[in-house]
Amino acid sequence: MKKIIQTILFISLGLAGPQWEDESAGLLSPGRHEIGLFSPFRMGLHNGSEISVNKFLLLPSVAYKTNLAQFHKWKMAYRIQVAYPTMAMRWIQSPLGMKLGEPDMFALISPEFTIPQMISVYGELMGTTGAPSDGRLSINGGLGIGLNGKELAQRATVDLPIIYPRLSVYYNGILIKIGGEYFRQVKERWSYVIDYDMFLMPGGRGRFAFEQKGLLVWSKSKKFRLLFGYKLIAGEYPFGSQAHLLPALDLQFGW
Amino acid sequence: MVELISPMIKQLTPIKFILIFGIIFSSCEPIVNKFDDIEGAVMYRANNIVDVGAQNTVKVMTWNIRFGVARLRFFGDGCGDRVVLKESEVLEGLEGLAEKIKQEDPDILLLQEVDVQSKKTGYIDQAQWLLDHTDFNYGAYASMWESQVILADGLGRVNTGNLILSKWKLENAERYQLPLRGDQDALTKYFYLRRNAIKAKVAMPGKPFYAVNTHLTAFATDDTKQKHIDAFKAILDGIAAEGGYFIAGGDLNEIPPNASKLDYCLDDQCKGESFHEYGIDKGDTHKEGSYFAPEITWLSSLFKSYTPAIPLDVYGAFETGHFTHSPDDNLQLDRKLDYLWTNTTWINGTTHQEATELSDHIPVSATWVIP
């Protein structure tokens, strides 16, 4: 059961969000911590920056975000993230520890492939303008680079929404991501988020993915909020193009 | 741009937001296609159409092509360890099939295990590929397994099924759902194969007839295969009752009623497997799909009602010469699973054992004499 839950958590990565401030150029206030069911652990630092760590230990990643000088009405920031996917990708070759044909339940990558040692580095710029009560708009754009010890077989892709674009950097070596988010508080406890991301994957059999997310946010307090809505994904995969609509949910805690 | 977009988004109240969400949600595709009991087949046509006139005889061939991977050691139907084959390997397999098909030059070809969008075979649309690399003009396809993802063994996306190829136009092509296996739990059944029979009217000028193609269950341990045979026969009975003529066939995954060997458990056993451990409480001691004794009479009704391309006496007189299958990379054919039927007359029934290296099944062909 534990392994099944781990699998569901892995597949669910990225279904929810955005985090309280993560898509915007805003930073967590110094000393504040946030974590979500489907979002990483984040912590505001006293030097005007924040760090975040993926709590899913098989897919370790760490990100550092800090402010830049304001550009006209736009608050600016940049974020650098380093991720190590090898353990997670090896794990999804046999999540329940079964062998080929037993059947190897929940395996998303065939165990016939060798997953090499890999890391990715992703850097992005973000800009935010406006206030939550009147509508806060954020835009971001970044570039990811995958560094592989050995070549990863192109046939070993996971041709599913959300996962395919996020792992593409390890197959193609490069990823370009551009996005935006609109956040608006409509009542004291209620707000909504409309978010858009575009993944460009040069060199892959699937070359692009568009993700659009809409979430209603219920904030009980500064310590807890609930996000629910949908994620619409239209993308190209090795088999062709397809659109998906998935539910999105997150429970987030802050202190 | 920001000034343009912001007022529009500000108009988006939570109610409108939920309404838009609902409209979008209604267009979602299911992960697994469960199919209707009877639904239209997927129609294909070759890039170049060459008109063919009426004939007095029609050459018909059936072939389980093992999704074009020849004798490569695929894990699912043998003892291999391959799952996702290279595109070059699949194309090489398809080229071997196309060459044999052109050499035999059938007018109607009943194919089983044709991948049209499967990760394991490089997402090649084999129905279109075969149409464009042989002398056929039209095709009708019915999937037996269509899922956005199979959450096991890294199989990923799958769409594989039965295909009728014809030199004449195919009309009113229908996919008939066969009963699902009765020996599986609900989750496995949801993601498992949904076997079918596909029926199409072949519009040969002035002499239309029906073509029926099927691929019955291989591994069911209950009476599902009997139900499949009954359902297949019911389709043929329906055509005959209306005064129509048919050619039919496929991979029935059943040996003839007069077969001398009924137990293939040890022949099909993979490394680490063990069968026939009688007296030990290990449940079924037979390998799924390899023990035919309890079902040896199940094809009798078809043999009694309709004409086979290889009659039972011909088969009985020279069994090994009419074997059509051997699993995995074993080139020594050891059983007959593939058949052709009609409600009129066949001549020149042939089992093409020279094609052993092109698939784990070999083609059976015959010439149908048009009444």
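## Helix 3 of chain A

Helix 3 of chain A, residues 163–172, is mostly covered, with 9 of its 10 residues buried. Here a residue is buried if 20 or more other C-beta atoms lie within 10 Å of its own, exposed if 12 or fewer, and partly exposed in between, with C-beta atoms placed from the backbone. Helices (H or I, at least four residues) and strands (E, at least two) are DSSP runs numbered from the N terminus. This is a predicted model, in which local features need pLDDT of at least 70, side-chain atom pairs count only at pLDDT 80 or more, and totals for chains, interfaces and linings use all residues. Residues are numbered from 1 along each chain as its sequence is written, while chains are lettered from A and ligands numbered from 1 in the order in which they are written.

Among the buried residues are A:Tyr164, A:Pro165, A:Tyr170 and A:Tyr171. Their cover includes strand 6 (118–131) and strand 11 (224–237) of chain A. Just after the helix, A:Gly173 takes a positive phi of about 90 degrees.

## Where the chains touch

Let's turn to the two chains. In chain B, 26 residues are in contact with 33 residues of chain A; contact means C-beta atoms, placed from the backbone, within 7 Å. Helix 1 (2–10), helix 2 (14–25) and strand 6 (156–166) of chain B each supply at least two residues of its side. The largest share, 5 residues, comes from helix 2 of chain B.

## A glycine in a loop

A:Gly26 is found between helix 1 (2–12) and strand 1 (33–36) of chain A, in the loop. A:Gly26 counts as partly exposed because it has 18 C-beta neighbours inside 10 Å.

Terms used: Contact = placed C-beta atoms within 7 Å.
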